[in-house]
Amino acid sequence: MAPVRSKENFLVFGAPALGEEEIDEVLSTLRSGWIGTGPRVARFESDFARYRGAEHAVAVSSCTAALHLSMVVAQLGEGAEVITTPLTFCSTVNAIIHAKATPVLADVDPATMNLDVATVRAAITEKTRAIVPVHFAGRPCDMDGLRAIADEYDLLIIEDCAHAVEATWKGQSVGTLGDFGCFSFYATKNVTTGEGGMVLTRHEAFASRIKTLALHGMSKDAWKRFSDEGYRHYYVTEPGFKNNMTDLQAALGIHQLARVEANWMKRKAVWDYYQSALKDFPVTLPTEPGPAMRHAFHLFPMLIDTQEAGLTRDAFLDGITQENIGVGVHYLSIPEHPYYRDTYGWNPEDYPHAMSIGRRTVSLPLAANLTEADCADVVEATRRVLGG
Ligand SMILES: *Cc1c(COP(=O)(O)O)cnc(C)c1O
């Protein structure tokens with residue numbers, strides 16, 4: 001039998017939904033001669049702060065940089081333990097390591113796939129300084145539970161919002177509930193600038209220091225230096241990093257953000273379609289959002305019921321790829337990776353829910369530019385591979 005889609009028509013996982021506005025803005029940016037950090041970055045920051053209802057927004061080069069710089073300004077250095085989830089992208093943990101703090105894992109709740117508050121509590125020691133929750137797949141974490149622990153033990157909360165640009169918890173934007181909110185605009189994310197990130201914080205001093213640290217530790221933005229007010233020296237106030245966003249990236253971000261709600265509606269329709277079309281398949285579908293939250297519908301992580309399906313997750317990945325449907329795995333749990341296992345002595349078995357999800361999960365395509373026919377192909381390919 002011929003595959004559901006032809007090779008030429010391979011359905012790329014996480015393909016960005018870019019419009020003519022983005023293309024025109026990039027061309028205008030090129031024609032303006034200002035392609036570094038400049039007015040478009042400033043506009044993207046203020047648009048984003050307004051969209052999320054945040055006091056301060058600093059655009060940076062990635063979510064990894066956003067997490068790292070947040071931890072640096074929060075002084076989570078040597079001796080500090082930072083609790084996070086084992087069901088995340090490696091960069092959440094790497095940022096903690098780059099800040100010279102010690103990562104500590106809790107486990108996830110099997111239904112929400114988010115940090116299980118009880119396991120966070122159990123992981124606290126006298127060295128614990130912060131919690132880094134990840135709003136997994138776009139579903140907000142239990143921020144009331146985490147806030148209660150953070151208040152009780154005087155911990156900072158640094159939210160990894162890479163999946164959750166549109167998410168809210170009890171009406172408030174995620175990323176503004178903790179001390180820092182870190183966003184990703186990587187190519188596959190709900191809002192993309194190709195590569196890019198943003199930090200939200202309500203602390204003015206933190207925002208200002210992150211801005212400085214993201215550009216070499218220089219006291220003035222480079223684009224202000226060459227303004228028509230005459231030459232101004234910059235002064236290095238500390239050895240910073242090179243984590244600034246450029247106007248070429250912000251040119252995409254401004255128009256991506258203008259379309260963020262329209263794209264959310266499209267992804268919600270895809271989510272709803274999969275939920276009903278796959279309900280009798282040998283899979284565990286992602287838990288529907290609860291009443292206190294707005295889900296960002298970034299990923300559709302379903303679990304293969306391997307016994308019932310008579311097939312492993314990896315066999316499913318091979319099968320659906322042969323049908324020319326691109327899928328993802330979010331994620332093998334962090335302790336499955338040799339570096340962390342060897343360095344921290346972590347075993348996947350010690351975080352059983354994250355391990356089980358990581359070994360059974362498949363993310364189906366969930367993007368704003370999928371057509372109804374694309375979604376039907378995904379379901380048909382899934383049916384063929386699972387033998388339904
Ligand atoms: C994508 C992602 C990141 C990293 O984002 P970058 O912008 O690529 O640095 C961090 N955390 C999670 C959960 C992610 O999905």
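Biologist: What makes R5 and D374 a salt bridge?

Modeller: In this predicted model, the closest N and O atoms of R5 and D374 are 2.8 Å apart. The criterion asks for a side-chain nitrogen of Lys or Arg within 4 Å of a carboxyl oxygen of Asp or Glu, so the pair qualifies as a salt bridge. The structure holds 21 salt bridges.

Biologist: Which parts of the chain does the pair of R5 and D374 link?

Modeller: R5 belongs to the segment before helix 1 (20-32), whereas D374 is in helix 15 (residues 372-386). The two are 369 residues apart, and the pair thus links distant parts of the chain. Both R5 and D374 are buried.

Biologist: Why are R267 and E166 called buried?

Modeller: R267 has a relative accessible area of 3%, and E166 has 0%. Buried means under 20%, so R267 and E166 both receive that label. Their side chains meet in a salt bridge, 2.7 Å from N to O.

Biologist: Why is R209 described as partly exposed?

Modeller: The relative accessible area of R209 is 29%. The side chain of R209 meets that of E238 in a salt bridge of 2.8 Å, N to O. E238 lies in the loop between helix 8 (222-225) and helix 9 (247-258) and R209 in helix 7 (residues 204-213), so this pair ties together parts 29 residues apart in sequence.

Biologist: What joins E323, E380, R383 and R384 into one network?

Modeller: Salt bridges that share partners join these four residues, E323, E380, R383 and R384.

Biologist: How many salt bridges are counted between domain 1 and domain 2?

Modeller: The protein is divided into domain 1 (20-258) and domain 2 (260-386), and the count between them is one salt bridge.

Biologist: What makes up the side of domain 1 that touches domain 2?

Modeller: Its residues divide into 25 nonpolar, nine polar and five charged. Domain 1 and domain 2 bury about 3,100 Å² between them, 64% of it on carbon and sulfur atoms. L105, R139 and E166 supply 19% of the area that domain 1 buries against domain 2, more than any other three residues.

Definitions and conventions
Residues numbered from 1 in each chain as written. Predicted model: local features only at pLDDT ≥ 70, side-chain atom pairs only at ≥ 80, totals over all residues. Heavy atoms only, no water. Helix = DSSP H or I, 4+ residues; strand = E, 2+ residues; numbered from the N terminus. Buried < 20%, exposed > 50% of the residue type's maximum accessible area, 1.4 Å probe, protein only. Domains from an automatic or database assignment. Buried area = accessible area lost by both parts, 1.4 Å probe. Nonpolar A, V, L, I, M, F, W, Y, C, P; charged D, E, K, R; others polar.
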